[in-house]
Amino acid sequence: MSSDRDYTTIAGEIPENGVSPVSYEIQRSCFLAYVTHAADEEQVRTWLAALKKEHYDARHTPYAMVFGAAADRQRSSDDGEPGGTAGSPILDAIKGRGITDAAVAVVRYFGGIKLGAGGLIRAYAHAAGLGLDAAPKVHMTRLTMLSVTIDYGLLAAVERYVRDAELQKGETSYTDVVTLPLFVPPDDIARHKAALADCTAGCAVYQECGTKYVGIPC
């Protein structure tokens with residue numbers, strides 16, 4: 001990511017045994033919405049190829065994808081539907097929910113009744129929205145990793161503070177001392193250091209180890 005802004009993305013593809021795909025039917029046409037997390041276009045292309053192979057008998061599989069913390073890389077396709085009636089509504093559904101690093105494909109099985117341009121736009125937008133709303137999401141926020149090293153006798157107090165403060169924590173290292181990697185909003189580092197100093201009688205040793213995106217379930 002080139003930007004440090006927070007963003008929301010899909011946690012992963014909707015489980016096959018759960019609510020994927022989300023189906024929507026109108027005028028005997030069936031729309032199946034698939035949603036997945038994606039890091040780049042190549043990953044989406046592979047995913048689309050598998051979907052099209054699975055639904056080889058479907059008439060159309062339009063799609064859209066959005067990448068980047070700023071949602072500044074976008075692509076969509078009508079896949080044979082009239083121009084602007086499928087890919088763009090799907091893309092708008094993604095953008096309208098503030099989601100990025102994600103792709104949506106809507107498989108359409110034609111029911112014999114033409115929906116018209118307006119009907120197609122509404123149907124694809126609605127199907128994509130249903131899929132996105134059903135998909136598990138995470139809020140990605142840029143946090144600083146604060147490494148906290150303490151003696152074993154202070155571990156219970158520090159773990160209690162971490163729970164009470166609802167801090168994100170990495171894997172604890174147990175050697176001759178205990179090291180806890182905590183993920184803290186950059187603006188809150190001083191406050192948490194002071195609080196940890198209080199609960200460890202000033203015995204905690206800190207090291208700031210850069211920043212990374214951490215996912216928090218929505």
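1. Basis. This is a predicted model, so local features need pLDDT of at least 70, side-chain atom pairs count only at pLDDT 80 or more, and totals for chains, interfaces and linings use all residues. Residues are numbered from 1 along each chain as its sequence is written, and side-chain values use heavy atoms, with hydrogens and water left out.

2. An unreviewed UniProt entry gives "domain: Impact N-terminal" for residues 28-128. UniProt positions follow the numbering used here, feature names are shortened, and annotations may be inferred rather than shown by experiment. Over residues 28-128 the chain is 37% helix and 27% strand. The end C-alpha atoms of this stretch are 18 Å apart. Helices (H or I, at least four residues) and strands (E, at least two) are DSSP runs, numbered from the N terminus.

3. A helix pair. Helix H4 (residues 155-164) packs with helix H5 (residues 189-199) at an angle of about 145°. Their axes are 9 Å apart. Axes are lines fitted to C-alpha atoms, for helices over the stretch in contact, and angles run from 0 to 180 degrees between N-to-C directions. From H4, the contact uses Ala157, Val158 and Tyr161. From H5, it uses His192, Ala195, Leu196 and Cys199. Contact means heavy atoms within 4.5 Å. The contact residues divide into 6 nonpolar, 1 polar and no charged. Ala, Val, Leu, Ile, Met, Phe, Trp, Tyr, Cys and Pro count as nonpolar, Asp, Glu, Lys and Arg as charged, and the others, Gly among them, as polar.

4. Cysteine 199. This residue lies in helix H5. Cysteine 199 touches Ala157, Val158 and Tyr161, not counting residues up to four places away in sequence. The C-alpha atoms of cysteine 199 and leucine 154 are separated by 8.2 Å, though the two are 45 residues apart along the chain. Cysteine 199 is partly exposed, at 27% relative accessibility. Buried means under 20% relative accessible area, exposed over 50%, and partly exposed in between (1.4 Å probe, protein chains only).

5. Salt bridges. How many salt bridges are there? The count comes to 7. The rule asks for a side-chain nitrogen of Lys or Arg within 4 Å of a carboxyl oxygen of Asp or Glu. Side chains of opposite charge can pair when their charged atoms come close.

6. A bridge within one helix. Glutamate 41 pairs with arginine 45 in a salt bridge, the closest N and O atoms being 2.6 Å apart. Both sit in helix H1 (residues 41-54), 4 residues apart, so about one helical turn separates them. Glutamate 41 is partly exposed at 26%, and arginine 45 is partly exposed at 34%. Glu41, Arg45 and Arg75 are linked in a network of salt bridges.

7. Bridges between elements. Aspartate 133 forms a salt bridge with arginine 97, with closest N and O atoms 2.7 Å apart. Aspartate 133 is in helix H3 (residues 116-134) and arginine 97 in the loop between helix H2 (87-96) and strand E6 (102-109), so the bridge ties together parts 36 residues apart in sequence. Glutamate 208 forms a salt bridge with lysine 193, at 3.3 Å between the closest N and O atoms. That pair links strand E11 (residues 205-217), which holds glutamate 208, to helix H5, which holds lysine 193.
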